[in-house]
Amino acid sequence: MKVMDISSAVRQKGQTLEEPVLQSKYSLQFHNSKQEKYFRQVMLSDIATSIGLDHRESMITYIVTLIFVCLLYNSAYLSAYFEGKSYLRTLLFQTLLLSSVTLATSIIHYFFFMKEIKSDKKSWYLIALYFVFSEIVIFNNVFVKDEIFADQSEYGFACVLGLLPMIYSSKFAVFSTFLMYIAINFIISITFLAVSLQSDTNIQKTLIEFFFLISILAIESRTFYTKEYHLRNKFIAMNAALTPESRLNHDVSPKTDLEQISRAVKESIQLLPLAKRKESKNSVYLEKIFDNLSKVINMLGNRNSIYSVDLEGLDKDFDDEDKIFLEQTCLGPRRSQVQASTKYMVRKTIEVLKNYDIQELAGVLKRIGKEWNFDIFFLKDVTKNKPLATVGAFCMQKFHLDTSFSIHLTAYQGFFVDLEDNYKPNPYHNSTHSAEVLCSYVFLIQQSVFTNYIQDYEILASVIAMLGHDVAHPGVTNRFLVNSKNSLAITYNDSSVLEMMHSATTFQLMQKDNQDILVNLPRDMGILVRALIIEMILATDMAKHFDLIGKLKAKMINSSSITLTSADQRIEIMKIITKASDVGHAAKSQDLHQKWTNLVCEEFFTQGDMEKAQGLPISMYCDREKTDIAKSQSGFIKNIVLPIYETLNQCLNSQEIKEKCINQLEQNMKSWESLILPKRVHSLMEPEESHTLKNRTETTVAGRTGRSSWATIVLNN
Ligand SMILES: [Zn+2]
C-alpha cells in the first residue's frame with residue numbers, strides 16, 4: 001500500500017483532495033484518517049522534515065535514558081552485592097530484563113528506520129516495549145523481590161528514579177499523539193501506586209512519589225501538546241505545499257510559470273528523502289519527482305517567459321469579462337489570436353521590381369538572401385549612401401509585403417528614406433550597418449527551414465525592426481550614456497537606453513504623414529507587428545544576451561519542444577536571428593569582417609577619447625592606446641558570436657549556416673588569435689589622423705604585427 005503518497009493516491013481515484021483539518025484543539029486528531037495515519041508515520045520517521053527529525057533526536061535521547069536507567073538499577077544491585085548482601089540472582093534477573101528491553105527498543109528503532117522495514121506498527125512496538133520497561137522498573141520493588149526471591153532480604157531501589165527520566169524522554173520518541181502519552185503513562189503511574197501501596201509500609205512516602213509522578217506527567221503532557229499542535233500545523237502547511245491542486249479552488253490569482261516551477265522543485269526536494277528510502281513502494285516518489293522535473297523542463301522550453309501567465313489556466317479560472325480585462329491590462333497581444341496572413345506563396349524567384357532605381361540594381365540586389373558575403377559597401381557606393389532605403393524597398397517587393405498589406409510605394413519609400421536620414425554618420429552604427437543586418441537576416445531565414453514557417457506579418461516586422469534597430473545611434477554605448485547621465489539614459493531610466501530609443505524613434509518616424517506603413521493592417525495584426533518590432537529591437541541589447549541564449553538553450557534541452565509552427569517559438573528564434581545578424585560581420589569573409597572591425601573599433605575608440613576627456617572610467621576595448629584589437633575580436637567571436645550562431649543552428653540545422661557562417665567564424669577567430677601578441681600595448685589608429693581609414697589601418701596593423709598577416713593582405717586588396 002502506497003501509504004505515504006496521499007496526493008497521488010487520491011488523484012488516481014479522481015477525488016478532490018481534502019486538506020488536513022484538525023478535529024478539535026483538544027484531541028489534535030485530523031478529520032481524515034488517512035492523513036492522521038500519514039502524520040503519525042511522518043512524525044515517527046527519520047524523514048528529513050522538521051517533523052521527522054524531532055523524532056530522530058528524541059529517539060536517541062530516549063535510548064540513552066533507557067541505558068542510563070538500566071545501569072542505574074544494575075549498579076544499585078552491584079553495590080548491594082559488594083556490601084555483602086546476596087543479590088546475585090536478582091542482579092542477573094534485572095540486568096537481563098532491563099538490558100533486553102533497551103536492546104529491543106534500539107533494534108526496533110534501527111530496523112524499522114535504518115533498514116527500511118515496513119513501519120506501520122512501529123509506534124505500537126515502541127509503546128509495548130516502553131510499557132514493559134516501566135513495569136520492570138516498577139516491579140523492581142521489595143514486593144516483587146519478596147515474591148520472586150523470597151529467600152533474600154529487603155532491598156529496594158526507588159522506582160520513581162527510573163520512571164521520571166522515562167516519562168520525560170519518551171514523548172516524541174515513542175508516542176505519536178499526546179493523548180496516547182497521557183493514557184499509557186497514567187496506567188503506569190496507577191500501576192506504580194498499586195504496587196507500592198501493596199509492598200511499602202510507608203504510605204505517605206508512596207503518595208508523595210505518586211503525586212510527583214503525576215505532576216511531571218501533567219507538565220510533560222502540556223509540553224507534548226504544545227509541540228504536537230505546532231507540528232500538526234506544520235504538517236498542514238507541508239501538505240498544502242505538496243498538493244497545490246487542492247488549493248486551486250481558493251486561489252484565483254493567475255499562476256506564472258515561475259510559481260509552478262518553484263512549486264514543482266520544492267515538492268521534489270520534499271519528496272527526495274522519501275524516494276531515497278529503499279522500499280520498492282517508494283518508486284511512487286521517484287515517479288512524482290520525474291513528473292515534476294519533466295514539467296519544469298517543458299515549462300522552461302515551451303514558454304517565452306517564466307514570468308508569463310498560463311493562458312490555459314486563465315481560461316479556466318476567469319469569467320469572460322475578467323479574462324478580457326486581464327488580457328488588456330496584464331498581458332501582451334496574444335499571438336495565437338492573430339490569423340496568419342496569406343503565406344507568401346506568391347514569392348517567385350524573379351521579382352518584378354517597380355522602383356526604377358532598384359530595377360537598375362536588380363542584378364545586385366537579387367543576391368540578397370542568397371549570398372552571405374553580400375557587399376553592402378558596394379551597394380552603399382552605387383546608391384549614393386542610400387543602402388537602407390534601397391534594401392528596404394527591395395525587401396518590401398521581394399516578399400510582396402506591399403501588396404499583402406496594402407502598403408503604398410510612397411509610404412514605405414518615404415519611411416525608409418526618413419529612417420536612413422535619421423541614422424548618424426557614425427563609423428559603425430550607421431545606415432549601412434542596418435542595411436547589412438537586414439541582408440544577413442534575410443539570408444539566415446532563407447537558407448534554413450525557418451523560411452517555411454515565417455509568416456508574412458513576421459517578415460514585415462523583421463524588415464522594419466532590422467532597418468530601425470540602430471536608428472539615431474549616437475555612436476556610444478549604453479554604459480557611456482548611463483555613466484555620463486545623458487538625457488537619453490534619464491528618459492529611459494538606464495534600462496536598454498539605446499534600444500528603447502531606436503524602437504521609439506522608428507515608430508515616431510512611422511507616425512509622420514503618409515509614412516505609416518502599418519496603417520492598413522487589421523487592428524490585431526497591427527498591434528502584434530508593433531510588438532514584434534519592439535521585441536526584436538530590444539533583443540539587440542547585449543545586456544540581454546545571456547538571457548536570450550539561455551532561454552533558447554533551455555528550450556532545446558527538450559528538443560521536441562522547438563516547434564516552428566508556434567508563433568511564440570518563432571519570435572524567440574527571430575530574436576536570435578536578429579542578434580546573429582547584428583553581429584553578423586564577424587562571420588563574413590575576412591575582407592568584409594576586417595572593414596567592419598576597423599569601423600567598430602574607431603567608434604569605440606572615439607568613445608574612449610570622450611570618456612578620457614570627461615574623466616569617466618574608460619570602457620573595455622575603448623582605449624585606443626591599450627586595446628589589443630586581435631584579442632578583443634577573437635574573444636568577441638569566441639564568447640558571443642559563435643555561441644549565438646551555434647545555438648541558432650541547433651534549432652535551424654542549416655547546412656548553409658554551418659558552412660557559410662560558422663566555419664567562417666571559426667576561421668576568423670583563429671586568424672585573430674594568431675595576431676594576439678603577448679602583453680604589448682597596441683594601437684590601431686593614431687587619434688590625430690583623420691578619415692582615410694583604410695590607409696591608417698594598413699600601416700598600423702602591419703606595423704604592429706611586424707609580419708604579413710591576413711589582415712594586411714586583405715586590406716591591400
Ligand atoms: Zn546594430
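## Report on a predicted all-residue model

Over residues 59-79 the chain is 100% helix and 0% strand, with 30 Å between the end C-alpha atoms. Helices (H or I, at least four residues) and strands (E, at least two) are DSSP runs, numbered from the N terminus. The structure is a predicted model, in which local features need pLDDT of at least 70 and side-chain atom pairs count only at pLDDT 80 or more, while totals for chains, interfaces and linings use all residues. Residues are numbered from 1 along each chain as its sequence is written.

The stretch 59-79 is one of those that an unreviewed UniProt entry annotates as "transmembrane region"; the record also lists 91-112, 124-144, 172-195 and 207-225. UniProt positions follow the numbering used here, feature names are shortened, and annotations may be inferred rather than shown by experiment. Two of the annotated stretches are set out below.

The protein chain as a whole has 32 helices and zero strands. Of its 717 residues, 37% are buried. A residue is buried if 20 or more other C-beta atoms lie within 10 Å of its own, exposed if 12 or fewer, and partly exposed in between, with C-beta atoms placed from the backbone. Two residues are in contact if their C-beta atoms, likewise placed from the backbone, lie within 7 Å. Among contacts in the protein chain with a separation of 6 or more, 73% join residues 24 or more positions apart.

The interior may be described through its nonpolar cores. A nonpolar core is a set of buried Ala, Val, Leu, Ile, Met, Phe, Trp, Tyr and Cys residues joined through C-beta atoms within 7 Å. The largest has 78 residues, and Leu438, Val463 and Val529 have the most contacts inside it. This core lies between domain 3 (344-556) and domain 4 (583-717), because both give residues to it; the domain bounds come from an automatic or database domain assignment. Not counting residues up to four places away in sequence, Val463 touches Gly392, Cys395, Met396, Leu401 and Leu438. Another core, of 31 residues, lies apart from the largest one and includes Leu98, Cys159, Phe175 and Leu217.

Helix H20 (residues 431-446) has 16 residues and reaches 23 Å from its first C-alpha to its last, close to the 22 Å expected at 1.5 Å a residue. The expected span is 1.5 Å times one less than the number of residues in the helix. Since 15 of the 16 residues of H20 are buried, the helix is largely enclosed by the rest of the structure.

Lys551 lies in helix H26 (residues 545-557). This lysine counts as buried because it has 20 C-beta neighbours inside 10 Å. Lys551 and Leu300 are 251 residues apart in sequence, yet 7.3 Å apart in space, C-alpha to C-alpha.

The loop between helix H23 (487-491) and helix H24 (497-510) contains Asp494, and Ser496 lies in the loop between H23 and H24. Phi of Asp494 is near 65°, a positive value in a residue other than glycine. Ser496, also not a glycine, has a positive phi of about 40°. Asp494 is partly exposed, with 16 other C-beta atoms within 10 Å, whereas Ser496 counts as buried, with 20 C-beta neighbours inside 10 Å.

Finally, the confidence of the model is considered. The mean pLDDT (the predictor's confidence in each residue, from 0 to 100) of the protein chain is 77, and 70% of its residues reach 70 or more. Over residues 244-254 the pLDDT is below 50, and this stretch has ten contacts in the model beyond near neighbours in sequence. Residues 340-354 also stay under 50, with 23 contacts beyond four places in sequence.
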